[in-house]
Amino acid sequence: MKRLILLLTLLAVPTSLLAHPILGFPRHRGVEPLTNPLYSESCGECHFAYQPGLLPARSWKKLMAPAALEDHFGENAELDEEDRLAILKFLTSNAADTTWHYKRSIKITRSLAEDEAPLRITEVPYIKKKHSHIPRWAVQDNRKVRSLSYCNRCHTRADKGAFVRAEVDIPGYRNWADLF
Ligand code: HEC
Ligand code: HEC
């Protein structure tokens, strides 16, 4: 009888728990490939529109503060207040630390201390470590890349939230995997 009760209890575990980062496995490998027309238009002009799941909400809040947008990595990315608030909501409600289902977002969140709020995805320890051994000639000195910030120049399916190694194509260096 005890066994039967145990079995029934196990069967009653909701399947959503299987996607829990501690109790189970995340369901998807990448970051959630969310899109939003206002966001793509306002934030996809100078670089690809980074998915919200690439940074925790506290980072998006810092980036989206009015003063921060006025001096955004040396550029002016100011928005009118209505658009700013709408984009802020889109980013924070889908941020890396809000998901249990997307593996990369979970790894990003786990690699940061709770009070750390980097302004760059490329400064998140997990992302930094993944690229630490890539030589300058492939990135900064590569005219077709210039900076690690342009994820989609190498990650061919970045716009789909996919960042697996097998789908990397460094412009000018098709055979990069043999070079470093
Ligand atoms: C006028 C051009 C421009 C616009 C518009 C713009 N950005 Fe940027 N953004 C930049 C530049 C330049 C960098 C730094 C790139 C580099 O270091 O090579 C950057 C970097 C970033 C980074 C850090 C990337 C990294 O290195 O990890 C984030 C995150 C970011 N932008 C988010 C946004 C968001 C959100 C918006 C919309 C509110 C936005 N950007 C709009 C020019 C822009
Ligand atoms: C110069 C090209 C280049 C750019 C730009 C670049 N990456 Fe990468 N990325 C790579 C390479 C190469 C690897 C594989 C490294 C290895 O395993 O040796 C990689 C690995 C990764 C991985 C781990 C994949 C895996 O299968 O373990 C993630 C996640 C990732 N990159 C995210 C990003 C994000 C997010 C950005 C933009 C902020 C970015 N990358 C920009 C080249 C690039």
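Tutor: Two residues are taken to be in contact if their C-beta atoms, placed from the backbone, lie within 7 Å. On that basis, in this predicted model, residues 24 or more positions apart account for 60% of the contacts in the protein that have a separation of 6 or more. The protein has eight helices and zero strands, and buried residues make up 20% of its 180 residues.

Turning to the ligands, ligand 1 is surrounded by 17 residues, of which the closest are Cys43, Cys46, Ile121, Ser147 and Ser149. Sorted by class, the shell around ligand 1 holds eight nonpolar, six polar and three charged residues. Ligand 2, for its part, has 24 residues around it, and the closest of these are Lys130, Cys151, Cys154, Phe163 and Arg165. Its shell divides into 16 nonpolar, four polar and four charged residues, and helices α7 (125-131) and α8 (151-154) each supply at least two residues of that shell around ligand 2.

In α6, which spans residues 103-110, the buried residues are Arg104, Ser105, Ile108 and Thr109. Seen down the axis of α6, these buried residues fall within an arc of 135°, so they line one face of the helix.

If its neighbours within four places in sequence are left aside, tryptophan 60 is in contact with Pro52, Leu55, Leu88, Leu91, Thr92 and Ala95.

Threonine 35, finally, is found in the loop between α1 (2-11) and α2 (37-43). Threonine 35 has 12 other C-beta atoms within 10 Å, and because a residue with 12 or fewer counts as exposed, it falls in that class. From C-alpha to C-alpha, threonine 35 and alanine 49 are 8.4 Å apart in space, while they lie 14 residues apart in sequence.

Conventions. Residues are numbered from 1 along each chain as its sequence is written. Chains are lettered from A and ligands numbered from 1 in the order in which they are written. This is a predicted model: local features need pLDDT of at least 70, side-chain atom pairs count only at pLDDT 80 or more; totals for chains, interfaces and linings use all residues. Helices (H or I, at least four residues) and strands (E, at least two) are DSSP runs, numbered from the N terminus. A residue is near a molecule or strand if its C-beta atom, placed from the backbone, lies within 6 Å of it. Ala, Val, Leu, Ile, Met, Phe, Trp, Tyr, Cys and Pro count as nonpolar, Asp, Glu, Lys and Arg as charged, and the others, Gly among them, as polar. The arc is that of the directions from the helix axis to the C-beta atoms.
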